[in-house]
Amino acid sequence: MKTALAAFMKIKLLIVLFLTLSAVTAGAYDRSVLAEYNDLYKNGNYQAALEGYLEIAAKESYNPYAFYNAGNAYFRMNKPGLAILYYGKAFRLDPRDPDIRTNLEFAMKHTGQNFVPEGMPKALHYLYYFFSDRELKAVATVFWWLACLLLSIYALKEAMREKLRGSILGAGLILAGAFFWSAARSSSLFSDAAVVTENSTQLLSGPGETFKTYATLPEARLVKVLDDTDDVYYEIGIPREGIKGWVKKTSAGKI
Amino acid sequence: MNISISNIFFRDIGRLTIFIALCLCAFIPPSLHAAFSISAETDKQSVEINDSLYLTITVSGDSSSVPEPALPQMNNFNIYSSGRSQNISIINGKIATSVAFTYILTPRFIGKQKIPPISVSNGAEKHITPEIEVNVVKAAAAAQAAQPQNTAPRAQAARQPSARAQAARQPEEMLFMTAETDKKAAYPNEQVNLTIRFYTAVPLTSNPQYVPPTFKNLISEDLPPVKNGETVIKGVRYTYSEIKTALFGIEEGQASINPASVFAQIHQGGAIDPFDPNFFQQFFAMNSGQGETRQVTSNSAALKILPLPEGAPAAFNGAVGNFTFSAEPDRREIKTGEALNLSLAITGKGNLKTLLAPKLPDMPDFKVYDTVNSLNISKDNDIIGGKKVFTTVLIPKTEGRRTIPRINFAFLDPATKTYKELSAGPFELTVEKGDGEGQNVSFAHGGQAALITPISSDIRYVSDKTAAPLTGTAAGRISAMPLWLNLFPVGALLLSLWLARLNDFRLKNPMLFRFRKAHGEARADLAGAADKLKNGRPKEAASILYDSLLAYLYDKSGHKVSGLTMRRTLTLLKEKFPDAGENALNGIKDLWGKLEALHFSPGGATQEEAKDMLETYTALLALLEKEFKKRG
C-alpha cells in the first residue's frame with residue numbers, strides 16, 4: 001500500500017514538474033519587438049506584421065507563438081493555405097495551447113476540413129495530441145537513458161535489486177508508451193503533412209511538367225508527404241481520396 | 001392583453017429539479033431560448049397614387065423583448081412609422097410577446113410596386129418576410145372632384161387659373177416648403193405638433209421623396225397619413241402635401257427643428273402653357289417621364305422647453321399629458337410560492353413611449369420580480385395617446401392576510417399647468433400556505449444569468465508570448481541530440497553486465513582471486529613495514545612482516561598456514577607448486593623462522609634486524625613469484 005502511495009506521489013511530482021516547466025517560458029527576444037509587430041497587426045498592417053513574425057520564426061524554430069502569429073497574419077490576408085501551414089507548425093510545437101488549437105480548427109473548418117476526425121471524441125483527440133512530437137521523442141530519450149542507468153545499477157548492486165525493480169518497470173513502460181505513441185502518431189493527419197498553398201495546384205502523375213495532371217487541389221488542403229527528396233517536387237498522398245502524385249514544392253508547404 | 005400565470009406544473013418541483021432544469025436550459029442553443037417568428041401584411045392590395053396603405057409587421061417571440069424589423073430601402077414608397085402595438089402573455093412563467101410594427105406607405109409611382117423582403121434578426125436567428133406586391137393605380141377623377149382637399153400633388157395636373165402667369169413665375173416660387181409648430185414653448189414631454197407643407201405649382205413627374213428634419217432636444221413621432229390639398233397663395237394655385245410630426249421636449253432649454261427636404265422631379269420646361277404653339281410636344285414629353293430633380297428645403301424652427309412647475313408630488317416621474325390610472329392584481333386568493341400579476345394601466349394622451357412605471361411601494365411580504373410592459377399607441381386627431389400596462393409578478397412569502405399598498409401615479413397636465421395625482425389600491429389578499437417554496441419566475445433578463453448569443457466567429461488574437469514553453473525548448477534540445485549518443489547508455493549497460501558477471505565469478509572462486517592478489521598485498525605490507533622502520537619502530541615492522549608472510553603463504557597455498565606447522569606448510573606448497581625450486585622453499589623456511597623468533601622474542605627486533613628481515617623478505621617475494629609461476 002505504502003509502495004503504491006509512494007509511486008503515486010512520484011508520478012504526481014513528475015506531472016507537477018512537467019506542467020510547471022510547460023508554464024515557464026524560456027527567455028527569448030525583447031518583448032517590445034513583438035509588441036511592435038502586434039501593433040502593426042492590430043492596425044491592420046498585416047503584411048508588415050507578418051514579416052516581423054517570420055523573422056522571429058526564422059530565429060527561433062522551436063517558438064510556436066511566432067508561427068501562430070504568422071498564421072493569424074496570413075489568415076487576415078486571406079491566405080488560408082499559408083495560415084493553416086503556420087498554425088500547423090505551431091500546433092506541432094505546442095499542441096496543448098488552446099489558442100493554437102482553436103485557430104487551426106477554425107481555419108480548417110473555414111476551408112471545409114475537419115481538425116477532429118469525424119466520429120472521434122474530442123477528448124480522445126486532445127489526448128492523442130497532448131504531447132508534441134519533440135516531447136514524445138525527448139521522453140523516449142530520457143527514459144531510454146534512465147532505463148539503461150537503472151539496469152546497470154541493477155546489474156552491479158545486488159542489494160538494491162529489490163528496490164529498483166519497480167522503477168525499471170516504470171521507466172520501461174514509459175519508454176514503450178512513448179515509442180508506441182510516436183508510432184501511432186506517424187499515421188496521423190499532421191505527421192509528414194503538407195498544406196497546399198496555391199489554389200488549383202496541379203497534381204501530376206510524375207515529378208515533372210511532362211507528366212499528366214491527375215487533379216487540381218484546392219488551397220489549404222492537407223496532404224501527406226510521401227517523399228521529399230526531389231529538389232522541385234513533393235510526392236504526396238491524399239488519403240481521403242486514395243490518390244497520390246507530385247506537386248511542386250512552391251505550391252505546398254511542409255508542416 | 002391577457003396575462004395569466006399557472007403554477008400547477010411547478011408546485012411539486014423541488015430545488016434540485018429546478019437546478020437541473022436550469023442546467024439543462026444552459027445547454028439549449030440560444031436560438032431556442034429566443035425563438036421568434038415574423039409576418040408582414042398590407043391592409044390593401046391596390047392603392048391609388050394619392051392614397052396610402054398600412055404595412056403591419058408582426059414579430060412574435062418567447063421573451064419579453066423582441067427585435068425590431070429593419071426596413072429595407074424602398075424608393076417606390078415614402079415610409080412613415082405609425083407606432084407599435086405590443087401584446088405580452090405569461091403562461092406558466094414563460095413569456096410570449098407579439099409586437100405589431102405599423103408603417104404608413106405612400107406610393108411614389110404608378111404600376112405594380114414591390115415591398116421587398118423585410119428581415120428581423122436577434123443575432124442568433126434571422127427571419128425574412130416574403131415580398132409583397134401592391135398595385136398602385138391612378139387617382140380616381142371623381143374622387144378628386146369630390147374631395148379636392150385629399151389629392152396627391154402629382155395627381156394635381158395643374159389646374160392653374162392662369163397658366164401664362166404660372167409659367168412666368170420664378171422656378172423657386174413654383175416649389176417651396178414651410179415648417180411650423182403649433183406651440184412655441186412646451187414642457188418636457190408635452191406634445192407639440194410640427195406641420196411641414198410642400199407646395200408645388202407645377203406638375204411633378206413622380207411623387208417627391210421626403211427627407212424628414214432632424215431635431216435637437218426633441219423626440220419625434222410620425223403622425224400619418226400625409227394630407228394633400230390645394231390652396232391659392234398670392235393668386236397662384238398650389239397643390240400641397242402636409243406631413244405632421246408630434247414632438248416631445250426632452251429637457252428644459254432650447255430645442256430646434258432643422259430644415260426638412262423634398263427631392264422632386266419636375267418637367268424640364270416648367271408649366272405647360274396651353275396657348276403655347278408647342279403645347280402638345282411639351283405635354284407628351286411630360287408624360288414620357290422626362291424631368292429634372294429639384295431639392296426644396298423648409299425653414300428651421302425653434303422651441304423653448306419650459307422648466308417643470310414647482311410642487312411636483314413624490315409619485316411624479318416625468319409623465320406629462322392627461323391620463324387615467326388603474327391597478328389590479330389578477331387574483332385575490334393565492335398560496336405562498338404562487339405568482340400573481342399586478343397590472344398598472346395608464347391610459348390617456350401623452351408620450352406613453354417614454355412613460356416610466358409608477359414606483360411600487362415597499363412590499364416586504366412579497367418577492368417582487370421584473371416589470372414588463374405592453375404599449376398600444378393611438379394617434380387619433382394628431383394627438384399621441386393610448387394605453388400602457390406595466391405588469392409585475394409578485395410572489396407572497398408568507399401566509400395570512402396580506403396587503404398590496406396603495407400605488408400612486410402623478411402627471412403634469414399641461415393644459416392647466418398643474419400636477420394631478422391618481423392612486424389605486426390598497427388590495428387585500430388572502431394568502432394560504434403553499435405546497436412548496438416560492439418558485440422562480442424567469443424573464444429574459446431576470447432570475448437567471450443572461451445567455452450569450454453568438455453572432456459570428458473568428459480566429460483568436462495574436463499571442464504576446466515571447467518564447468516557447470520550457471518543456472518545448474528542453475524537448476527540442478533533447479530530441480536534437482545525435483542518435484548515436486543514445487548508444488552510450490547501451491555501452492554503460494554492457495560494461496555493467498560484464499562487471500557484474502566478473503564479480504559473480506570472483507565470489508564463486510575466492511581463492512583464485514586471493515592467489516592473484518597475494519603479491520600486491522605483500523608488497524603493500526613491505527611498504528608499511530618500511531614506513532615503520534623509518535619511524536624507528538622495528539618491532540612493529542617485524543610484526544608486519546611476519547603477518548604478511550603468513551598471509552602470502554595462505555593466499556598462495558589456499559590453506560590457512562597460521563594453524564599449520566612450517567613443515568606441513570612447505571609440504572603443501574611443494575604439492576601445489578611441484579616445479580618450485582628448493583632454494584625458494586628454503587628461503588621461506590629461513591625467513592619464517594627468523595621472523596617468528598623476532599616476533600615472539602621478549603625484547604623484540606632491533607632496527608638492524610628488522611631492516612635485514614625487510615630486505616630478505618623483499619628478495620624472497622620476487623623469487624617466490626617467479627617460482628610459483630612455474631606451476632603450470
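A polar contact here is a pair of N or O atoms within 3.5 Å; within protein, one atom must be able to donate a hydrogen and the other to accept it, and residues adjacent in sequence count only if both atoms are side-chain atoms. By that rule, 15 residue pairs are in polar contact between chain B and chain A, both residues at pLDDT 80 or more. The model you are looking at is predicted, so local features need pLDDT of at least 70 and side-chain atom pairs count only at pLDDT 80 or more, while totals for chains, interfaces and linings use all residues. Residues are numbered from 1 along each chain as its sequence is written, chains are lettered from A and ligands numbered from 1 in the order in which they are written, and side-chain values use heavy atoms, with hydrogens and water left out.

Let us stay with the interface for a moment. On the side of chain B that touches chain A, the elements giving two or more residues are α7 (470-479) and α8 (488-508) of chain B; helices (H or I, at least four residues) and strands (E, at least two) are DSSP runs, numbered from the N terminus. That side of chain B consists of 19 nonpolar, ten polar and five charged residues. In this grouping Ala, Val, Leu, Ile, Met, Phe, Trp, Tyr, Cys and Pro are nonpolar, Asp, Glu, Lys and Arg are charged, and the others, Gly among them, are polar.

Counting contacts (heavy atoms within 4.5 Å), 34 residues of chain B meet 47 residues of chain A. The size of an interface is often given as the accessible area lost when the parts come together. Here the two chains bury about 3600 Å² between them, with 64% of it on carbon and sulfur atoms; this buried area is the accessible area (1.4 Å probe) that two parts lose on being put together, summed over both. In chain B, the residues that lose the most area to chain A are B:Ile459, B:Arg460 and B:Thr466, together 19% of what that side buries.

The interface also holds three salt bridges, each a side-chain nitrogen of Lys or Arg within 4 Å of a carboxyl oxygen of Asp or Glu. A salt bridge joins the side chains of B:Asp458 and A:Arg76, at 2.8 Å from N to O.

Now for chain A itself, which has nine helices and seven strands. Of its 255 residues, 42% are buried (buried means under 20% relative accessible area, exposed over 50%, partly exposed in between, with a 1.4 Å probe and protein chains only). Among its contacts between residues at least 6 apart in sequence, 54% join residues at least 24 apart.

A few local details are worth a visit. In chain A, A:Asn78 sits in the loop between α4 (64-76) and α5 (80-93). Its phi is near 60 degrees, a positive value in a residue other than glycine, and A:Asn78 is exposed, because its relative accessible area is 61%. B:Lys417 likewise has a positive phi near 60 degrees; B:Lys417 lies in the loop between β27 (407-413) and β28 of chain B and is exposed at 52%.

Further along chain B, a cis peptide bond joins B:Gly425 and B:Pro426, with omega about 0 degrees. B:Pro426 belongs to the loop between β28 (418-424) and β29 (427-432).

Finally, B:Lys126 lies in strand β8 (residues 126-128) of chain B and is exposed, with a relative accessible area of 55%. Leaving aside neighbours within four places in sequence, B:Lys126 is in contact with B:Ser119, B:Val120 and B:Ser121.
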